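Let's take a walk through this model, starting with its strands and ending with a helix.

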Amino acid sequence: MYLHLGQETMIKTQDIIGIFDIENTSVSKFTREFLSSSTKHQQIQNVSYEMPKSFIICRNNAKTIVYISQISAQTLLKRAQATYIKQIKK
């Protein structure tokens, strides 16, 4: 199943490692270093021109991609859970 992150970006739910609130987690030195390192290694994909509210870490094969989204982490989590529940019911 897929999760819509904003704009025209959809990712496979099975590739998601984590969904994080950018405001709450970016106060940590480790998170800032991770995002900075991801930017340097060109692993960041911004899916919105609006104020970012969340970032999603995905792993596809051996490649890590960090998506920056304007959709809140709570909304994305609810969407992912709803998708998972629909998949189980089938």
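## The sheet

Two strands count as paired if DSSP finds at least two bridges between them; strands are DSSP runs of E with at least two residues, helices runs of H or I with at least four, both numbered from the N terminus. This is a predicted model, so local features need pLDDT of at least 70 and side-chain atom pairs count only at pLDDT 80 or more, while totals for chains, interfaces and linings use all residues. Residues are numbered from 1 along each chain as its sequence is written, and side-chain values use heavy atoms, leaving out hydrogens and water.

Strand β5 (residues 54-60) runs antiparallel to β6, with 7 bridges between them. The open sheet has 4 strands in the order β3-β5-β6-β4, with mixed pairing. β3 (16-21) and β4 (44-46) are its edges, each pairing on one side only.

## Ser-69

Ser-69 belongs to β6 (residues 63-69). Ser-69 is buried (under 20% relative accessible area; exposed is over 50%, partly exposed in between, with a 1.4 Å probe and protein chains only), at a value of 0%. Contacts, meaning heavy atoms within 4.5 Å, link Ser-69 to residues including Leu-5, Val-47 and Leu-76.

## Helix α2

In α2 (residues 29-40), Thr-31, Leu-35 and Ser-38 are buried. Seen down the axis, the buried residues of α2 fall within an arc of 60°, so they line one face; the arc is taken from the directions from helix axis to C-beta atoms. Their cover includes α1 (22-25), β4, β5 and β6. Turned away from that side are the exposed Lys-29, Phe-30 and Lys-40.

Notes:
Expected span 1.5 Å × (residues − 1). Lists of a residue's contacts leave out its neighbours within four places in sequence.
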